[in-house]
Amino acid sequence: MMDRNVIEHQTFDEERALYGSHDILVQDCAFDGPADGESAFKEGSQIQVERCFFNLRYPFWHDHGLKINGSEMTELCRAALWYSDHIEITGTKMHGIKALRECSEVKLRGCDIISPEFGWSVHGVEMEDCTAESEYFMMRSTGLRFQNVRMKGKYSFQYIEDAVFDHCTFDTKDAFWHAKNVIVRNSVVKGEYLAWYCENVTFENCKIIGTQPLCYCKGLKLVNCEMIETDLAFERSDVEAVIITPVVSIKNLLSGRITVPAVGEIIRDIPEARGEIVVSGQRARGSACA
């Protein structure tokens, strides 16, 4: 901090306004104006930004070592952070499309995210006490650690790997498709068609809400989970599950064992459906249904 060049109370609208900057502290500045310039901080390093306003495109590309605090990225601030690493963002509004992509070692805390296609192909992300609204949220990203994140949108966490989510609330359809090596704890997951085609995914002490969840899964585990309004669940899946609420229907469990207090219907209409379903302590073989 002592050796950093401090830039305060200025407005920048030109192309690459602070291109290639190193060891700078930017405070109370605006990146906005008629010149409509892009890429304000491109190819920089060790940049600290506080209480700044971003209304222009692509401000942080190919940067190394970023700290952004108390700032605002508007809807016009498209693709704000790409190809950058070692990033810390706190108390910031991230409202532009594609706000984070192809980055690594990212920490977000207390941020408000409204960004379609947020977080694609990002590696090593810690997110805490954030809210998010997005489509295709965090697609193809790895090494995720989320704590107290509230997310609403569509098609979230598809193709992710190596992730842990704790005390989160997700209202999203088609979440966790093709996900691998994921743990979700103490969370609420609401939406249709949850986690199809996933592998080695575990839900612990979670509430799962919505139709046709957890189909075509391998190595799926549920530990003391609630399932609300879940019908046609577990189709063609390999599952080990302890469920503490009734399930509307279970269809064609391929393998594994499910313990459940009650189930409205057990459907076995293919010969491969040999998984064990235990209802109220009694083994239930189920009935064939067309």
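How many bridges join strand β22 to strand β24, and in which sense do the two strands run? The legends below start there. This is a predicted model, in which local features need pLDDT of at least 70 and side-chain atom pairs count only at pLDDT 80 or more, while totals for chains, interfaces and linings use all residues. Residues are numbered from 1 along each chain as its sequence is written, and side-chain values use heavy atoms, with hydrogens and water left out.

**View 1. Strand β24 and its parallel partners.** Strand β22 (residues 199-204) and strand β24 (residues 220-228) run parallel and are joined by three bridges. Here a strand is a DSSP run of E with at least two residues, numbered from the N terminus, and two strands pair if DSSP finds at least two bridges between them. Look for Glu204, which sits opposite Val223 of β24. Strand β23 (residues 207-209) also pairs with β24 in the parallel sense, over three bridges, and there Lys207 faces Glu226 of β24. Strand β25 (residues 238-243) is another parallel partner of β24, this time over five bridges; Lys221 has Glu240 in β25 as its bridge partner. As a reminder for reading such views, side chains in a regular strand alternate between the two faces of the sheet.

View 2. Phe234 counts as buried because its relative accessible area is 0%. Buried means under 20% relative accessible area, exposed means over 50%, and partly exposed lies in between (1.4 Å probe, protein chains only). The C-alpha atoms of Phe234 and Ile250 are 6.2 Å apart, although 16 residues separate the two along the chain.

**View 3. The Arg57 and Glu38 salt bridge.** The whole structure holds 11 salt bridges, each being a side-chain nitrogen of Lys or Arg within 4 Å of a carboxyl oxygen of Asp or Glu. In the one between Arg57 and Glu38, the closest N and O atoms are 3.0 Å apart. This pair links distant parts of the chain, 19 residues apart: Arg57 lies in the loop between β6 (53-54) and β7 (60-61), and Glu38 in the loop between β4 (30-31) and β5 (45-50). With a relative accessible area of 23%, Glu38 is partly exposed.

**View 4. The Glu117 and Lys98 salt bridge.** Here the closest N and O atoms of Glu117 and Lys98 are 3.9 Å apart. Glu117 belongs to the loop between β15 (112-114) and β16, Lys98 to the loop between β12 (93-94) and β13 (100-101), and 19 residues separate them. Glu117 is partly exposed at 22% relative accessibility, and Lys98 is partly exposed at 23%.

View 5. Arg257 is in strand β27 (residues 255-260) and Glu276 in strand β29 (residues 276-279), 19 residues apart. Both ends are partly exposed, Arg257 at 36% relative accessibility and Glu276 at 23%.

How values were computed: Helices (H or I, at least four residues) and strands (E, at least two) are DSSP runs, numbered from the N terminus.
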